[in-house]
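Here is a brief report on one protein model. Please look over the sequence and the structure before reading on.

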Amino acid sequence: MEEARESFTFKGVAERLTLGVTRILENMPGVGDVRLVEREPAEKRSLLSWEQRNTCILPEDLRDFYLTTDGLTLTWSVKLDGVVAQQSDIWYLDRALCWHLLTSSFTSYYRLMVTHLGLPEWQQAFTPYGPSPRAKQWASLYQPLTFSAEPGCSDPDPHLNKLDPARAFRGGAKTPVPKKKQAAPNGSGSAARSHGGAGRLSGGRR
């Protein structure tokens with residue numbers, strides 16, 4: 001009896017938190033399998049510990065929410081009758097929520113991914129604006145042939161830093177220090193100096 005009462009109370013709290021949206025969804029045509037999963041309330045010590053670690057105080061309404069439930073998940077499905085996809089394409093959704101057609105099959109997409117070595121933002125090469133400058137640096141370094149052949153890559157970005165792999169990944173080689181010439185023995189050294197002096201003197205007589 002107590003478990004049924006707790007379940008009824010729990011359902012009432014969930015209905016208030018979701019503003020009754022579950023009942024609205026259940027009455028909509030084509031909607032089915034409406035599920036609401038709610039977590040147990042968070043403990044006060046857990047909230048205090050989080051605030052101390054992050055040096056941040058939670059707002060009062062957010063604290064009350066976590067003390068009521070530690071989150072919830074609402075899922076629902078729609079049944080489509082007689083809808084059969086005749087052709088499937090693979091599209092890329094960028095951060096501006098714009099769609100870009102990549103390929104017409106998974107096999108083509110997989111080959112493109114392998115060709116681009118899975119580098120960051122490789123899908124953006126098929127968009128009008130292209131990858132970011134940092135992604136262009138990685139592409140020009142590890143796949144220069146594919147990068148130069150892609151649309152929009154013939155005219156490189158003038159603000160793109162040129163990265164030389166030979167200098168970037170080479171160990172810091174020290175410049176060799178020239179060796180000092182060893183001093184010759186005293187006799188030969190004095191003779192060399194005297195010959196030099198004689199040459200200068202003979203030049204003076206002329």
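Leu93 has Trp99 in E4 as its bridge partner. This is a predicted model. Strand E3 covers residues 90-93, and strand E4 covers residues 99-103. The two strands pair in the antiparallel sense, over four bridges. Ile90 stands opposite Thr103 in E4.

Five residues lie between the strands of this hairpin. Leu97 takes a positive phi there, near 65°.

## Helix H3 against helix H4

H3 (residues 44-54) packs with helix H4 (residues 60-68) at an angle of about 140°. Their axes are 10 Å apart. Angles over 145 degrees would count as roughly antiparallel, and 65 to 115 as roughly perpendicular, so this pair falls among the rest, the oblique ones. The crossing of H3 and H4 is right-handed.

Which residues in H3 and H4 meet? From H3 come Lys44, Leu47, Leu48 and Glu51. From H4 come Arg63, Tyr66 and Leu67. By class, the contact has four nonpolar and three charged residues. No polar residue takes part in the contact of H3 with H4.

## Confidence in the model

How does confidence run across the protein? The mean pLDDT is 74. Of the residues, 61% reach 70 or more. Among the elements, H3 has the highest mean pLDDT, at 94. Helix H9 (residues 186-205) has the lowest, at 47.

Terms used
Residues are numbered from 1 along each chain as its sequence is written. This is a predicted model: local features need pLDDT of at least 70, side-chain atom pairs count only at pLDDT 80 or more; totals for chains, interfaces and linings use all residues. Side-chain values use heavy atoms; hydrogens and water are left out. pLDDT is the predictor's confidence in each residue, from 0 to 100. Axes are lines fitted to C-alpha atoms, for helices over the stretch in contact, and angles run from 0 to 180 degrees between N-to-C directions. Angles under 35 degrees count as roughly parallel, over 145 as roughly antiparallel, 65 to 115 as roughly perpendicular and the rest as oblique. A crossing is left-handed if the near helix is turned anticlockwise from the far one by less than a right angle, and right-handed if clockwise. Contact means heavy atoms within 4.5 Å. Ala, Val, Leu, Ile, Met, Phe, Trp, Tyr, Cys and Pro count as nonpolar, Asp, Glu, Lys and Arg as charged, and the others, Gly among them, as polar. Two strands pair if DSSP finds at least two bridges between them.
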